[in-house]
Number of protein chains: 2
Amino acid sequence: MSQKNILFIMLDQLRADALSCYGNTVVDTPNIDRLAHQGVQFNRCYIQGTSCGNSRASYYTGRHVRSHGASWNGWPNRVDELTLADHLNPCGMNTYLMGKTHMKPDVAGMARLGVEPQSELGRFLSNAGFSQGEHDDGLHTVGVAGGYGGGGDPAYFDYLRKNGYAAKNPWATWANAVEDENGILRNGMYLKHGHLPARVDKAHSETAYTTDRAIEMIAQFGQQNWCLSLSYIKPHWPLAAPAPYHQMYRGLELPQANKCSAQKQNAHPIYQAFMELPQSQTYSNDQYREHALPTYYGLVKEIDDNLGRLFASLEQQGQSQNTMIVLTTDHGDFFGDHWLAEKDLFHDVVTRVPLLIMDPSSAANASRGTQCDEMVCAIDLIPTFVEWAGGEPQWQWLEGRSLVPVLHASLDAQKVDFDRDCVVSECDYGVMRFAKDLGRTSYNARMTMLFDGRYKYVHCLGFDPMLFDLQEDPNEHMDLGRDTGYGGVRSQLSEQMLDWGAGLKNRVTVSQETFNHRASGAAGKVGILIGYWQQEDVPVALQLDPEVSAS
Amino acid sequence: MSQKNILFIMLDQLRADALSCYGNTVVDTPNIDRLAHQGVQFNRCYIQGTSCGNSRASYYTGRHVRSHGASWNGWPNRVDELTLADHLNPCGMNTYLMGKTHMKPDVAGMARLGVEPQSELGRFLSNAGFSQGEHDDGLHTVGVAGGYGGGGDPAYFDYLRKNGYAAKNPWATWANAVEDENGILRNGMYLKHGHLPARVDKAHSETAYTTDRAIEMIAQFGQQNWCLSLSYIKPHWPLAAPAPYHQMYRGLELPQANKCSAQKQNAHPIYQAFMELPQSQTYSNDQYREHALPTYYGLVKEIDDNLGRLFASLEQQGQSQNTMIVLTTDHGDFFGDHWLAEKDLFHDVVTRVPLLIMDPSSAANASRGTQCDEMVCAIDLIPTFVEWAGGEPQWQWLEGRSLVPVLHASLDAQKVDFDRDCVVSECDYGVMRFAKDLGRTSYNARMTMLFDGRYKYVHCLGFDPMLFDLQEDPNEHMDLGRDTGYGGVRSQLSEQMLDWGAGLKNRVTVSQETFNHRASGAAGKVGILIGYWQQEDVPVALQLDPEVSAS
């Protein structure tokens, strides 16, 4: 390869089962599927945080939420937390962003260290190392107290205005609004309007714009090695799709929601609280859900079409053979499954995300088109990228492992012994309105899920655990967390979680080299000879003559 | 009070039972005891890390080792980790150091953030916020590969030379060396020489020098509010005491080592490895131990005498009524107990440390001379200091709690309901030579101890746990970690440890104010209205008219 590039595509709130390569029979996603055919499809990739912000922070740092601490949307990364750029730049790879990160600057941390937020370093730290490219978190809603976000208008506003969508906030007024049958402007946030097209041509949608910008950026990268984090906001809400995507899947037979009435009986208090949320009530209404799902599918299809354009451009620019393409998402979407909406609990539909990796190198030829059933994680991507780029992962920070052995396995050896006995995902629901009603403070509204390949165990601080047996109950309908017959299983998983917590990478300031030096007994050579009766008892190689040297 | 000052005295490797106020009948420590008589004596204060560096990092950050990550001697604090100075400066209190910290700079972290190590900020970050005063880690040994430490000669070298102790390294040649009966220079590191006086007058010992400097510094502080971290290296080895302290307790009846032969039967593999260390072998020899203990006691007595000078000076300077005095240590010393030497395991003699707090304010009058049996922690000191100084603790970082309610309790209410159900202490033994033999890597040589007031449970990653019942076995001779009769106890403690880990303060970049704002439902006011069917379903106060605002 003349270059080594990584195109790291992250969709937002994408259910794995919305892709045809993961089994959807309504939506056809041939461009995404091509990554599966030309690369490896991972069937058990789990995210580490259950919302946008914390999940992305894990993708961008290669660390569990408990380690990076950015446990909710908009909670800043610590200024000294290494991110993708810190890991890839030493490999001679420049990192760029197009789209969303959901990161906020650690203003207090920067102020203490004298870093100007507007300086190059300040911008680097403010956005998880993505100081180059275009940042747009993609949510520009307006409410009774004004606009969401802040930090000025995104470039997309200007783009829309230039293309004839005049408004102070063309995102809210055009791209994510619809006009109803009476010509009244309606907010694309409300599901009722999902059958109406967004007030924007598909050529000017957020997805199209994001793709256009990515194509332009790649064209400008030239001969350098690059990693582009291409982060679409869709199919995340507002569920407003431009024509023809708004109606493409309307009137077809849709998959039923994965739920059963037994789930509502004697529900775990936290699960109960999530079920009572307005959004869960809405999506539990099958009529509403079936009105919204075609729009969601349309947004997925729109992304697939745009990725087709992107991949064609990559080919035209002669970069296909140099570029690893990775596609995943920050988390899924309940969309009515389990009587829930959104995310933040640990059922597979949220935590098990699609992951496709197409490695163009010849070393990956044998694995093309194969599927991997090993448990892998969002935090595995950075080690994978670093190894693929030829670098040395900084293991004092990184808590995942490289997937390169899977990508470079021969077809027979597709069952690489990955030797991972569990994956862990976390949720800090402290800012949810119900947290206080459940007696939680801002520091103890914590859930931790451990999945060992069969059982999914959820430790809930202050409550009984939840437990699901995915072998006997793949639909996750039966919470065994208080079932007296499963005490032994719970103990074992609890113990495994304790081990997990004790093995996290908190000693981040010590490189492996420094550690090895210390572990080699270096102290004894400089006179740290502890608890010897006399010099004669010390290993000869460490004895000084005379006992005390003034040197 | 015209000023509010804190004199924070930390001794190094001090056993609680070496002080007369904690029951020693050989050594008399009247000056230290006076703090107990005028303040509160804490009988169950536990440290969070079992070595100098990690324990101090917990004292200096107010956080558990798992949170700050500086898990061994010389492992740097992260550059963005707040320390004592960061917490006290906003209260209008300036922090100073005299003596040891055992901190090293996070060179890589500073380089990434563009901080020059020699700048004021660099020096602040390099030494846990102690940029003012005099830093001397107190170990200046010499071995076959040269001197320990680095970073230039301490001021104490020059001081010794000026006082007639000519040498390139007068610490090793004079202050911590002895001359034997044949006039041969001997290394004070070897216990055999403990009956000989250090080659320095008691007026010029490290302890005396450290005290002199503290007296000078306090005299210069003037009218500002100050916190002086006065950190003695002694009674830490080398066990070389100046006359007359070297022989003051020689020939007296000494306490026996707390050990029994049953401890050696079927010992836990990690405990076994610690017992096999050379220093453990030495101290398990009663003859050697009884030769060393009088020297240790002498060093304690020397400190007590010097603290008498310091307290008298404080009185003379009119600062006694303005100054809270705190005395503690980073950890204890096995000194042959349990067939061990040094530290790094969790028996009370190491983890339960002396803590005396004398609050001069009238609010503390009722508690003077009382003892507190609540479980308290090293990490409680920063919240105590901040509250006492009139500030607001930054709870997003701090994992302890303020002891001011104990200090300000009335005598009857001495049993303040402290509502703490456990204390936790940690050890990362990865650099110990035996770690590799036990199959440990650099990231999983971790032990975590939880003490609930009765049981002491030690989670050992990769091994069975240890368990001690301090009610039935206060000497901690019987490890019940594999006793089948205690499975239920172990499960409960393991669960408690899981809760502890899940509740640690990792969300450090978010202030309570920011959190509360988010938790108040701020997002809905700026249009984040998730999963509603139509505007009419939204709470009226959040509805816009029309649905979409261009503002």
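The contact between the two chains takes in 112 residues of chain A and 112 residues of chain B, where contact means heavy atoms within 4.5 Å. This is a predicted model, in which local features need pLDDT of at least 70, side-chain atom pairs count only at pLDDT 80 or more, and totals for chains, interfaces and linings use all residues. Residues are numbered from 1 along each chain as its sequence is written, chains are lettered from A in the order in which they are written, and side-chain values use heavy atoms, with hydrogens and water left out.

Together, chain A and chain B bury about 10,300 Å², with 57% of it on carbon and sulfur atoms. Buried area is the accessible area (1.4 Å probe) that two parts lose on being put together, summed over both. Of the area that chain B buries against chain A, 9% comes from R112(B), Y443(B) and W533(B), more than from any other three residues.

The interface of chain B and chain A holds 10 salt bridges, each a side-chain nitrogen of Lys or Arg within 4 Å of a carboxyl oxygen of Asp or Glu. One of them pairs E81(A) with R78(B), whose closest N and O atoms are 2.9 Å apart. On the side of chain B that touches chain A, helix 17 of chain B gives the most, with eight residues. Helices (H or I, at least four residues) and strands (E, at least two) are DSSP runs, numbered from the N terminus. That side of chain B divides into 52 nonpolar, 38 polar and 22 charged residues. Here Ala, Val, Leu, Ile, Met, Phe, Trp, Tyr, Cys and Pro count as nonpolar, Asp, Glu, Lys and Arg as charged, and the others, Gly among them, as polar.

There are 16 cavities of 30 Å³ or more. A cavity is a set of points on a 1 Å grid over the protein atoms alone where a 1.4 Å probe fits but cannot get out, and its lining residues have an atom within 4 Å of a point. Grid points are joined across faces, edges and corners, and a volume is the space filled by probe spheres set on the points. The largest cavity has about 220 Å³ of space. Its lining has 20 residues, with R66(A), S67(A), R66(B), S67(B) and N506(B) nearest the centre. By type, the lining of the largest cavity has three nonpolar, eight polar and nine charged residues.

N266(A) has a positive phi, near 55 degrees, and lies in the loop between strand 9 and helix 10 of chain A.

Note on methods: On a 1 Å grid over the protein atoms alone, a cavity is a set of points where a 1.4 Å probe fits but cannot get out, and a pocket is an open set with protein on both sides within 12 Å along at least five of seven lines; lining residues have an atom within 4 Å of a point.
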